[in-house]
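Thank you for making time this morning.

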Amino acid sequence: MFKPLDPLLHSELRLAVVSLLISAEEAEFPYIKEQTGATAGNLSVQIDKLSAAGYIEVEKTFKGKKPCTLCRITPAGLKAFEEYVKALRSYLDVKQ
Amino acid sequence: MTAERSLEIITEQIERSRRTITENSSIALISWGTCVFVFALLIAYLWKCHGGPAWNALWAVMWLVGCLAERLITKRKEPVPVTFVGKTIGHVWATFGIFMGAIGIIFGLAGSGLLPVTFTISGDPLNAHLYVNLTSIISLCFGIASTITGFILKNRIVQVCGFIAGLGGFFCALQYPWSEQLYVMAAVAVIGLIIPGLVIYFQKQK
């Protein structure tokens, strides 16, 4: 039986953002933009969606005089990611 | 999006993050290694030609120069995420720095007579002495910190270089008189920090 895939994570960019944040305690917006290759506008929209779902935490701060946006994964985000990987495994196991 | 593609995205992003951390560590290894190398040779020269071991106080200047260089490099670089691996490596080297700094200061103060302590062994009070080879100890700890960094980064080159630098430096320093031990320290910096740093850096550029 296939487990349902979380629709919020089942998107290329949102999954890439969460995967990046899994291995980092926190990451700045420009770093995520560079690593995912997304445009600032699109990335901003996807980050807002993840933040609204409680999967990530967004902190607007300053680095010297420059504004800086920090993103962190939340425990809810971590759990959702684990569930997503489990569900993904069920699909891959059937295929193999 | 297929399950395979999802898995590919996850693997790719985690791998990218790991690569960034490794690359970032290589720059820190090169900059600190260069600092130790330059200051070891400079202090060796000054000690031999312009006075005595008092020039060892320049190690404090090296620490300042190293911190400044690291700050400048970090400012110019692309932002790097805060990760558990990066923090752990930082803690390993900070621990090394604190211990070596404290030992250096205590020996420096005792040697200059500012600290009323004599490090002697009990026994014949006329010949009681304790020979502590600071370069050997520092080289060994250097090698240990470098090898641990190699294990954290899962990088065989850093592990091997750390091992050679630590043990090689420990035994070599025992063979040479004081001022010449600084050449051993310079070699330890090259083998334990600069070479692994350069290897990692150029591996990641490919």
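This is a predicted model: local features need pLDDT of at least 70, side-chain atom pairs count only at pLDDT 80 or more; totals for chains, interfaces and linings use all residues.

How many helices and strands make up the secondary structure of chain A? Chain A has four helices and three strands, where helices (H or I, at least four residues) and strands (E, at least two) are DSSP runs, numbered from the N terminus. Read along the sequence, these elements follow the pattern α-β-α-α-β-β-α.

Residues are numbered from 1 along each chain as its sequence is written, and chains are lettered from A and ligands numbered from 1 in the order in which they are written.

As to confidence, pLDDT is the predictor's own confidence in each residue, from 0 to 100, and chain B averages 83, with 91% of its residues scoring at least 70. Among the elements of chain B, helix α2 (residues 58-76) has the lowest mean pLDDT, 84, and helix α5 (residues 156-175) has the highest, 91. For the complex, the predictor gives an ipTM of 0.79 and a pTM of 0.76.

Let me turn to the fold of chain A, whose C-alpha trace spans about 55 × 25 × 20 Å along its principal axes. Its three strands form an open sheet in the order β1-β3-β2, with antiparallel pairing, and two strands are said to pair if DSSP finds at least two bridges between them. The edge strands are β1 and β2 of chain A, each of which pairs on one side only. Helix α1(A) packs on this sheet, touching β1, β2 and β3 of chain A, and its direction makes about 85 degrees with that of β3(A); here axes are lines fitted to C-alpha atoms, for helices over the stretch in contact, and angles run from 0 to 180 degrees between N-to-C directions.

Within the sheet, strand β2 (residues 56-63) and strand β3 (residues 66-73) of chain A pair in the antiparallel sense over eight bridges. Ile56(A) stands opposite Ile73(A) in β3(A), and Glu59(A) stands opposite Leu70(A). The two strands form a hairpin with two residues between them, and Gly64(A) in the turn has a positive phi of about 70 degrees.

Is α1(A) largely enclosed or largely open? Ten of its twelve residues are buried, so α1(A) is largely enclosed by the rest of the structure; a residue is buried if 20 or more other C-beta atoms, placed from the backbone, lie within 10 Å of its own, exposed if 12 or fewer, and partly exposed in between. Among those buried are Leu13(A), Val17(A) and Leu21(A). By contrast, Thr69(A), in strand β3 of chain A, counts as partly exposed because it has 15 C-beta neighbours inside 10 Å.

Finally, the contact between the chains takes 20 residues from chain A and 18 residues from chain B, two residues being in contact if their C-beta atoms, placed from the backbone, lie within 7 Å. On the side of chain A that touches chain B, the elements giving two or more residues are α1 (12-23), β1 (27-28), α2 (29-36) and α4 (75-95) of chain A, and α1(A) gives the most, with seven residues.
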